Amino acid sequence: MTVTDPVRVLETLVRCPSVTPEEAGALSALEAMVKPLGFSVERMVGREPGTPDVENLYARRGTDGPHLMFAGHTDVVPPGNEASWRHPPFAAEIEDGLLFGRGTVDMKGGIACFIAAVARLVEKGHALPGSISLLITGDEEGPGINGTEKLLAWAKERGEHWDASLVGEPTNPDALGDMIKVGRRGSLTGRLTVTGTQGHVAYPHLADNPVRAMTAMLDALMGKPLDDGTDLFPPSNLEVTSVDTGNTATNVIPESVTATFNIRFNDTWSAQTLKAELNARLERAATDGTLRPGRDPARFAIEWLGRASPVFLTRDQRLSGSLAAAVEAVTGKVPALSTTGGTSDARFIKDYCPVVEFGLVGQTMHKVDEHVPVADLEMLTEIYGHFIERWFALADAR
């Protein structure tokens, strides 16, 4: 196998069934590919009590700055019902110019293209004035506890420093060249519990139905927009994902009701200011007597679940400009600079260096019959190659 061919690299990676947290040979395959390119390779295991150990890989080519990091993950989501797939999900079969398999898009394809791009530069004898590193985790699709966050801290403790990072997530909505991600919205999850008094539905005056107060509180959370959005961010959005009384009887007023919600927020807010705003809304709603006339303020409690993901925006023009120019040179398109979508491991990397994201078209990620056009793999490899050369040229000119 020649690592200058992204198709052959991707076939090898897809045939490793690396469903989180299993390494399944994917990192070992990467190590075997990049060592002949001059990369030094280290494997690090992330550990946390109560969670499975996760293998991660860090590789570096060069010893001097400037230093460009490519970040990604080899773990994939489960394939689901394998009988529903046109081709086995870990067979990496090609049909009608499409390479099928779990992880082809999200995101072993991006990794394959970056490795092929570096391999081509090495084959051509390009002497890049600096270092390239690969930061590859096996815990992006899972809880994200033992992966990139720990790998970054581990590398920093060993003296690693990066000037910029490219994450190879599938960022393009329809066609290669559509979109570069220059930031991500923050994410905050809460669970609201309203407590009332249980009773018989025929005697409501002897009870206090918490659903009435919950209705007012959810209206307070969702009724008024949090903001109008910013130049590069859409409006912040709160969605209720579950409402539950735990009540199986049809003639009993429940004692309590819980609602879980998630907010994707822009740079108008921080997690702290957003929590304060939502608490203020709930306090006001607790006194709303529209559905509870003559009642005392509703009793409620809010619990913030997990860690909030911070909002961030990358303003490094050398990084985003080099990538946009490379995309336009290969595709003829001027990519949109966007902050849409969910969270990614860029939320960890932004604390160490400027970071942008660009990869394949994401339409089939996590789906049955996930696939990538072979032509897109070649095109993305060319884009990455142009980007690497442009970024180092600008860095060397400083």
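I began with helix 1 (residues 6–14), which lies across strand 4, strand 5 and strand 19 and runs at about 20° to strand 5. I note here that the model is predicted.

Three strands form an open sheet, in the order 4-5-19, with antiparallel pairing. Strand 4 (94–95) and strand 19 (371–373) stand at the edges with a single partner strand each, so each has one side left without a neighbour in the sheet. I examined the join between strand 4 and strand 5 (residues 98–100): the two run antiparallel and are connected by two bridges. I found Glu 95 opposite Leu 98 of strand 5.

**Entry on helix 6**

I turned next to helix 6 (residues 271–286). It has 16 residues and reaches 22 Å from its first C-alpha to its last, close to the 22 Å expected at 1.5 Å a residue. I asked which residues of helix 6 are buried. I recorded Ala 271, Leu 274, Leu 278, Arg 281, Leu 282, Ala 285 and Ala 286 as the buried residues. Why do they lie on the same side of helix 6? They cover an arc of only 135° around the axis, and this puts them on the same side. On the other side of helix 6, I noted that Gln 272, Glu 283 and Arg 284 are exposed.

I also looked up what covers the buried residues of helix 6. The cover includes strand 10 (186–195), strand 12 (237–244), strand 14 (256–265) and strand 15 (299–309), together with helix 5 (210–222).

**Entry on aromatic pairs**

Finally I turned to the aromatic rings. A pair of aromatic rings is described by the distance of the centres and the angle of the planes. I take ring centres within 6.5 Å as the cut-off for a pair. By this rule the count comes to eight aromatic pairs. One of the pairs I looked up is Tyr 58 with Trp 154, which is edge-to-face, at 6.5 Å centre to centre and 75° between the planes. Tyr 58 belongs to strand 2 (residues 54–61) and Trp 154 to helix 4 (residues 148–157), so the pair ties together parts that are 96 residues apart in sequence. I found both Tyr 58 and Trp 154 buried.

I then checked Trp 391 and Phe 392, which form an edge-to-face pair with 5.0 Å centre to centre and 85° between the planes. Both Trp 391 and Phe 392 are buried.

As a last item, I recorded a cluster in which ring pairs link Tyr 58, Trp 154, Trp 162 and Tyr 352.

Definitions and conventions. Residues numbered from 1 in each chain as written. Predicted model: local features only at pLDDT ≥ 70, side-chain atom pairs only at ≥ 80, totals over all residues. Heavy atoms only, no water. Helix = DSSP H or I, 4+ residues; strand = E, 2+ residues; numbered from the N terminus. Expected span 1.5 Å × (residues − 1). Buried < 20%, exposed > 50% of the residue type's maximum accessible area, 1.4 Å probe, protein only. Arc of directions from axis to C-beta. Contact = heavy atoms within 4.5 Å. Pairing = 2+ DSSP bridges. Axes fitted to C-alpha atoms, helices over the stretch in contact; angles between N-to-C directions. Phe/Tyr/Trp six-rings, centres within 6.5 Å; stacked < 30°, edge-to-face > 60°.
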